Amino acid sequence: MNKVENNKAWFLVLPMLLLVAFSAIIPLMTVVNYSVQDILGSSAYFVGTEWFKDILNDSQLQQALIRQFIFSFTILAIEVPLGIGVALMMPKKGWRASLILILVTLPLLVPWNVVGTIWLIFTRTDIGLAGVGLRELGYAYNITRNDGDAWVTIVLMDVWHWTPLVALLCYSGLQAIPQAYYQAARIDRASRWAIFRYIQLPKLSNVLVIGVLLRFMHSFMIYAEPFVLTGGGPGSSTTFLSQTLTTMAIGQQDLGPSAAFSIIYFLIILAVCYCFYVAILNMGRDKNTSQPR
Amino acid sequence: MTTSNHYSTSQTTTFVKRKLRNNPSAQRWRQRFFLGLFLIFLLLPIYWLVSMSFKTNTEILSGFSLFPKSLTFDSYIEILTDPSWYMGYVNSLLYVVTNMLISILVALPAAYAFSRYRFIGDKHLFFWLLTNLMAPPAVFLLPYFQLYYSVGLFDTHIAVALAHCLFNIPLAVWILEGFMSGVPKEVDETAYIDGYSFPRFFVRVFIPMIRSGIGVTLFFLFMFSWVELLLARTLTATDAQPIGAIMTRTRGASGIDWSLLAAAGTLTILPGVMVVYFVRNYIAKGFALGRT
């Protein structure tokens, strides 16, 4: 769309800007302020980049960061293909489509701590369906003792919780493909795979970028679900960044280090998401030039 | 777009459809089978939660059963009659609705500006907005606590509603901008030629045109405010405590009250199910942020 140059548009943006500034800039400045000071009671000393050096050299935090990256990439590697597959299988219209749409959306509407609760109840070895089932099958399943079990359960929980998002995104992408494309493919006797590869996948790329962006963001901030399910354990095998930070800031009241940690944490997310954002922008430009809306 | 193609080639469409129906029926059944498996995977944990809420605690702990043997509503009755329980739901709903109202009101004009005008710093502003969507709530925990405490808003619904604006306003702007860009600019121009002023055009003509987009946006605002707990729990103590925080009370000295916990969990899913029903036809497009 050709936009009109008009700086009065700022007036339309202003209310939003003030509100978001109140809830974003002021707190962020507080964090920056803490990160360069050592605060003991009422007195504070300027310490420069001391906390940042500490945080970057803290092996515990480095491990949490590595765990976080492994987790985020694992769930992306599972959820994206699975979501595409589910979207391809969902019926296109009729009451069945509406019903399945609502059922698939269900996990997204569950409060995040309740997601943890659901999986806690589901996987408990004394009362949970999956827990008891696995025991009956002869596998000594235990998420409070076994690192591997806890890890797999958390990944499974996230797949349960968020694959629907990817599936719905792809579903809406598929809905937007004109029937004529499929007809042309039929005439050319294209195989099922060729239809997917050359018609569906290119149309899905737009929504997939949004999906990967949202999934990466949210998985990188994951807190309530593992906190309720495993409490970060056994040991610290499922302690991710948000939980490490929350323990530091609220539990131990280490204002300076946790502020420095916050900033580093935020910057990592920002850097990765900026790449996605640029990708989205470029996509929009291609779209504008090829087909005027 | 689809409809016009459909019209011109309707005969070929039916032909292709017939071929599709006759030919790979095995494939269709395979698809249904896998989709069914996925749906079972999605619904099984939820089923387990719901079924547990209808069991008594002795039944839960004494033996393993797939279905509740003696259907009991005790846990639901306890939650719905005890104010310290059901006020949790009221509190949650109050701050969620407040947040939805604030977010949509400020996001509508902002999204219009982004979709129609170029102005100094628009791209940077938009990215800055999105960065707030990316901000981990854990980062803002401590500053929020201190900020709202110092302005005297701690433990009020408005505090949580404002805090949730951090990610909900950017989200609303993003989704609405997508839907608004789908409305041809000629609509605006025609309205101005017809003598509409901007506010009148916006309220009378434009908003009705994107009402499905607004519906979907409201649904998303509801969803993200409803599921968030970390900020809501930190900014409240007693008067505005969300249900998610109250649920931890089921951990008593004598262990966890499983039945009560399951009932409380089930009740947190219900509002979402009711809301999703209304937007079911637009939800797919909404999830693509209005950009398909």
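B:D155 lies in the loop that connects α8 (137-150) and α9 of chain B, where helices (H or I, at least four residues) and strands (E, at least two) are DSSP runs numbered from the N terminus. The model is a predicted one, in which local features need pLDDT of at least 70, side-chain atom pairs count only at pLDDT 80 or more, and totals for chains, interfaces and linings use all residues. Residues are numbered from 1 along each chain as its sequence is written, while chains are lettered from A and ligands numbered from 1 in the order in which they are written.

The phi angle of B:D155 is near 65°, a positive value in a residue other than glycine. Most residues other than glycine have a negative phi. B:D155 is partly exposed, with 16 other C-beta atoms within 10 Å. In this scheme a residue is buried if 20 or more other C-beta atoms, placed from the backbone, lie within 10 Å of its own, exposed if 12 or fewer, and partly exposed in between. A:R189 belongs to the loop between α8 (179-187) and α9 (192-220) of chain A, and it is exposed, with 7 other C-beta atoms within 10 Å.

The two chains may now be described in turn. Chain A contains 12 helices and 3 strands, and its C-alpha trace spans about 75 × 70 × 30 Å along its principal axes. Of its 293 residues, 40% count as buried. Chain B has 16 helices and 3 strands, and 44% of its 292 residues count as buried. Two residues are in contact if their C-beta atoms, placed from the backbone, lie within 7 Å. Among the contacts in chain B between residues at least 6 apart in sequence, 79% join residues at least 24 apart.

Chain B is divided into domain 1 (2-53) and domain 2 (82-287), with bounds that come from an automatic or database domain assignment. The contact between them takes 4 residues from domain 1 of chain B and 6 residues from domain 2 of chain B.

Attention may next turn to the place where the chains meet. Here 88 residues of chain B are in contact with 80 residues of chain A. On the chain B side, helix α3 (residues 25-53) supplies the largest share, 14 residues. By class, this side of chain B has 66 nonpolar, 16 polar and 6 charged residues; Ala, Val, Leu, Ile, Met, Phe, Trp, Tyr, Cys and Pro count as nonpolar, Asp, Glu, Lys and Arg as charged, and the others, Gly among them, as polar. The chains are also joined by strands: β1 (residues 4-5) of chain A and β1 (residues 117-118) of chain B pair in the parallel sense over 2 bridges, pairing being assigned if DSSP finds at least two bridges between two strands. In this pairing, A:V4 has B:Y117 as its bridge partner.

Finally, there is the largest nonpolar core, which has 158 residues. Such a core is a set of buried Ala, Val, Leu, Ile, Met, Phe, Trp, Tyr and Cys residues joined through C-beta atoms within 7 Å. The members that touch the most others are A:I121, A:C170, B:A107, B:A110 and B:V173. Helix α9 (residues 157-181) of chain B gives the most to this core, with 17 residues. Beyond its neighbours within four places in sequence, A:I121 is in contact with residues including A:I127, B:W48 and B:W258.
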